[in-house]
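Here is a short report on one protein model. Look over the sequence and the structure before reading on.

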Amino acid sequence: MISEQYFEDMLDYIAGSDVISLVNLLKGKENVSEFKLAESLKCEVNFVRNLLYKLYDYNLVFFTRKKDKIKGWYIYYWTFNESKVIDVMIKIEKERKERLEARLANESEGFFFVCQNRCIRLDFEKATDYGFRCPECGDLLEQKSNDEFIQKIQDRIKESEKIIKELESELNSIHKQRAKEEKDREDKIKQDEEKKKLAEEKRKEKEKKKKELEKKRKDQERQKLKEQEKKLKEKQKAEKASKAKSSSKKKETVRSKVSAKTTKKKVENKKEKKAVAIKQTKTASKATKKETLSKKVAKNRARKKPPVREKKSSQSKSKIIKKQSKQKTKSSTSKKQKTSTTKKKTSGLKKVIKAVKNKLTKK
Ligand SMILES: [Zn+2]
């Protein structure tokens with residue numbers, strides 16, 4: 001761990017001891033006005049600016065500026081760049097180590113001469129320039145082994161190397177930490193994006209399902225409507241059919257009525273005919289009766305009239321009787337024939353009537 005002392009030494013190395021209090025004012029703040037800094041440090045703003053520029057050279061501070069509307073110039077606002085501290089420390093430590101190494105090389109190569117009074121230390125070249133006498137006090141210079149000094153430089157170089165290693169490991173851990181933080185941030189962003197994506201997908205899925213459901217519902221509605229329409233059509237059809245049926249029934253009934261009437265008429269006609277026939281037969285039978293009666297009357301007359309002829313002769317009388325009997329028989333036979341014909345006629349009529357009746361009953 002780098003000590004506070006080391007940090008202050010570094011600041012001192014960069015811009016002198018005055019910068020330490022300035023950095024302490026800036027630490028943990030952002031955009032501090034240089035006028036406020038000057039006021040706090042109780043010094044001129046230009047002095048503060050000089051210190052800040054030195055820190056700026058090492059990238060230890062950054063600034064924003066704003067134009068003063070009244071005075072017309074820029075005011076600078078400063079922020080301490082904490083993240084750069086270790087980088088700067090490493091840079092400075094490496095510079096120091098380089099200087100030490102250069103010095104070590106210089107010491108190792110040459111001979112050095114010192115004044116007994118500790119006034120000066122000169123290398124061989126300079127010592128010859130001064131004739132191996134101290135330019136301060138005039139005493140004789142003595143050659144001094146620099147082994148001890150070389151050892152000191154070597155120790156300081158080792159120390160510097162150790163510090164650099166420490167700083168680098170710290171910087172490495174900081175970088176790792178930052179990388180981890182960065183990765184965490186990226187992971188979080190990714191996770192958020194994935195969550196968003198998932199949510200979006202879910203939302204889309206939901207919407208799709210909703211649409212499908214809506215479609216299904218609409219289809220069902222359409223189907224229902226179709227069915228209703230179909231039913232309605234069927235009903236209308238059925239109604240039409242029933243109407244047609246009833247009308248046909250009516251027609252049929254009318255027809256049947258008509259037919260019944262016609263049959264009735266026919267029957268009536270037949271009855272009439274029958275009646276006529278019966279009348280005819282009756283009249284016929286009456287006529288035959290009349291005929292027979294008239295014949296009888298005629299016969300009776302014939303029986304009463306002939307006395308004149310009877311008186312004439314018995315022979316003739318017998319002859320007449322014979323004739324009469326003959327006639328009688330003749331008339332009777334004719335009469336019989338006649339009655340048989342009438343009988344035949346009536347039986348024929350009766351047959352016709354029977355047939356008609358049969359027909360009617362059949363019907
Ligand atoms: Zn001296």
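## The open sheet

In this predicted model, 3 strands make up an open sheet. Their order is β1-β3-β2, and they pair in the antiparallel sense. β1 (32-33) and β2 (61-67) are the edge strands, each pairing on one side only. Strands here are DSSP runs of E of at least two residues; helices are runs of H or I of at least four residues, and both are numbered from the N terminus. Two strands count as paired if DSSP finds at least two bridges between them.

Strands of a sheet pair through backbone hydrogen bonds, either parallel or antiparallel.

Strand β3 covers residues 74-80 and pairs with β2 over 7 bridges, in the antiparallel sense. Phe62 stands opposite Thr79 of β3. Thr64 has Tyr77 in β3 as its bridge partner. The hairpin has 6 residues between the strands. Gly72 in this hairpin takes a positive phi, near 85°.

## Helix α1 and its end

Helix α1 runs over residues 4-15, which is 12 residues. The expected span of a helix is 1.5 Å times one less than its number of residues. Gly16 follows α1 and has a positive phi, near 90°.

## Positive phi outside glycine

Asn31 is a residue other than glycine with a positive phi, near 50°. Its place is the loop between α2 (18-26) and β1. Is Asn31 buried or exposed? Asn31 is exposed, because 12 other C-beta atoms lie within 10 Å. The cut-offs are 20 or more other C-beta atoms within 10 Å for buried, 12 or fewer for exposed, and partly exposed in between, with C-beta atoms placed from the backbone.

Phe132 is also a residue other than glycine with a positive phi, near 60°. The loop between α6 (124-129) and β6 (141-144) holds Phe132. Phe132 has 14 C-beta neighbours inside 10 Å, so it counts as partly exposed.

## The chain as a whole

The protein chain has 9 helices and 6 strands. Of its 363 residues, 8% are buried. Contacts (C-beta atoms, placed from the backbone, within 7 Å) can also be sorted by separation. Among those with a separation of 6 or more, 59% join residues 24 or more positions apart.

## Basis of the values

Residue numbers start from 1 along each chain as its sequence is written. The model is predicted: local features need pLDDT of at least 70, side-chain atom pairs count only at pLDDT 80 or more, and totals for chains, interfaces and linings use all residues.

Definitions and conventions: Contact = placed C-beta atoms within 7 Å.
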